Amino acid sequence: MALRGGLDLGGTKIDAVVVNDASEIVGSARRETPRTGGPPDVVKELAAALRDAAAAAGVEPAELAGVGVGSPGEVDREAGTVARAGNLPGWADAFPLAAALGEELGTRVAVGNDVRAAVEAERVLGAGRTYRSFLGVWWGTGIGGAVVIDGRLWLGRGSAGELGHVVVRLDGAPCPCGRKGCLEAYAGRSAMERRARRAFAKGAKTDLFELMRKQKRDRLTSGVWAAALVRGDALATRLIDRAVWALGAGVGSAINLLDLEAVVIGGGLGTRFGVPGAERIAASMQPHLFVADRPPAVVVTELDDSGGALGAALLVA
Ligand SMILES: [Zn+2]
């Protein structure tokens with residue numbers, strides 16, 4: 001039986017799994033992503049997380065058929081490099097992640113885009129497996145996307161699926177990417193946090209930052225937003241409403257272009273808000289649909305937290 005490793009490299013945590021031929025998890029581990037240093041420090045933690053998962057599965061990393069890594073930033077699968085990973089410490093230039101991690105672990109390593117890896121896992125093992133075509137919408141720190149057409153991920157010229165940077169308002173809010181009016185500028189968690197901090201500094205009443213401290217966080221995590229909504233916090237409610245408005249416009253436009261069967265919602269906020277959140281996005285999308293009487297199914301990811309690492313393991317399947 002050939003075992004494979006999968007690593008999901010996120011801005012806050014690293015998820016590691018070891019899976020068997022049937023993509024069943026036989027060992028797993030989690031570590032925090034380093035906040036300081038640079039790519040070599042991240043590689044050390046990736047290796048440590050994978051070693052933990054391998055130990056849980058009762059194997060050595062070198063015995064694995066290979067290890068896949070789902071990474072943020074600009075990923076060059078052929079070269080095995082990652083550049084401009086904004087949420088990772090000191091990671092601007094292209095770094096040979098596959099080679100460096102392969103040396104640490106003594107097995108071959110493949111790297112891929114993190115959202116695409118998670119969506120591929122949904123296609124093969126999760127909420128997308130009954131559809132020939134669907135759009136993955138990863139609602140978290142940013143807005144990630146991936147398109148499955150005729151049972152295959154559509155890669156375009158290598159960077160298809162950047163749903164977060166479709167324009168929902170001309171000359172609109174500044175996006176973390178440096179452009180204006182992108183979906184991510186309204187619905188991405190970091191853009192929402194920036195706006196909440198500005199409003200708070202100007203005197204807006206909100207429990208968001210008190211909840212953040214209570215949950216011992218230093219940023220507005222999905223859990224903090226969810227708790228604020230439960231309390232009926234006015235600022236949180238307004239910013240989430242705005243995010244849902246933007247998601248409806250962005251996702252609806254993508255459906256008008258591609259006529260896909262389904263939309264699979266994932267990511268930190270997407271999974272946190274679950275089915276009710278998906279229903280809100282579906283309702284917000286509806287007025288934008290050109291073929292209004294045949295909307296796509298809007299469903300939630302089935303693999304939750306382990307989807308990213310499972311999809312990464314598929315990179316070496
Ligand atoms: Zn943008």
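**Ground rules.** I worked on a predicted model, where local features need pLDDT of at least 70, side-chain atom pairs count only at pLDDT 80 or more, and totals for chains, interfaces and linings use all residues. Residues are numbered from 1 along each chain as its sequence is written, and side-chain values use heavy atoms, with hydrogens and water left out.

**Entry 1, domains.** I looked up the division of the protein, whose bounds come from an automatic or database domain assignment. Domain 1 takes 4–114 + 307–314, and domain 2 takes 129–301. I noted 26 Å between the C-alpha centres of domain 1 and domain 2.

**Entry 2, the sheet.** I took helices (H or I, at least four residues) and strands (E, at least two) as DSSP runs, numbered from the N terminus. Two strands pair if DSSP finds at least two bridges between them. I found an open sheet of five strands with mixed pairing, in the order β3-β2-β1-β4-β7. The edges are β3 and β7 (109–113), each with a single partner strand, so one side of each has no neighbour in the sheet. On average, neighbouring strands are turned by 15 degrees against each other, direction ignored. For this and later angles, axes are lines fitted to C-alpha atoms, for helices over the stretch in contact, and angles run from 0 to 180 degrees between N-to-C directions.

I followed β1 (residues 4–9) into β2 and counted six bridges, with the two strands antiparallel. On the β4 side, β1 pairs in the parallel sense over four bridges. There G5 has V67 of β4 as its bridge partner.

I then checked burial (buried means under 20% relative accessible area, exposed over 50%, partly exposed in between, with a 1.4 Å probe and protein chains only). In β1, six of its six residues are buried. R4, G6 and D8 point one way from the strand, and G5, L7 and L9 point the other way.

Strand β2 (residues 13–19) has six of its seven residues buried, so β2 is largely enclosed by the rest of the structure. Seven bridges tie β2 to β3 (residues 25–32) in antiparallel fashion. Here I noted V17 opposite S28 of β3. The hairpin between β2 and β3 has five residues, and S23 in its turn has a positive phi of about 60 degrees.

Helix α3 (residues 114–125) lies across β1, β4 (67–71) and β7, and runs at about 95 degrees to β7. Helix α10 (residues 307–314) packs on the sheet and touches β1, β2, β3 and β4. The direction of α10 makes about 130 degrees with that of β1.

Eight of the eight residues of α10 are buried, so α10 is largely enclosed by the rest of the structure. Among these buried residues I listed G307, G308, L310 and L314.

I turned to helix α8 (residues 234–258) and helix α9 (residues 267–285), which pack at about 60 degrees with their axes 8 Å apart. The contact residues of α8 include I240, V244, W245, L247 and V251. From α9, F273, R280, I281, S284 and M285 take part. By class, the contact has nine nonpolar, three polar and two charged residues. In this count Ala, Val, Leu, Ile, Met, Phe, Trp, Tyr, Cys and Pro are nonpolar, Asp, Glu, Lys and Arg are charged, and the others, Gly among them, are polar.

D150 is a residue other than glycine with a positive phi, near 50 degrees. I placed D150 in the loop between β9 (143–149) and β10 (152–154). At 55% relative accessibility, D150 counts as exposed.

K216 is not a glycine either, and its phi is positive at about 55 degrees. The loop of K216 runs between α6 (208–214) and α7 (222–230). K216 also counts as exposed, at 76% relative accessibility.

Methods:
Contact means heavy atoms within 4.5 Å.
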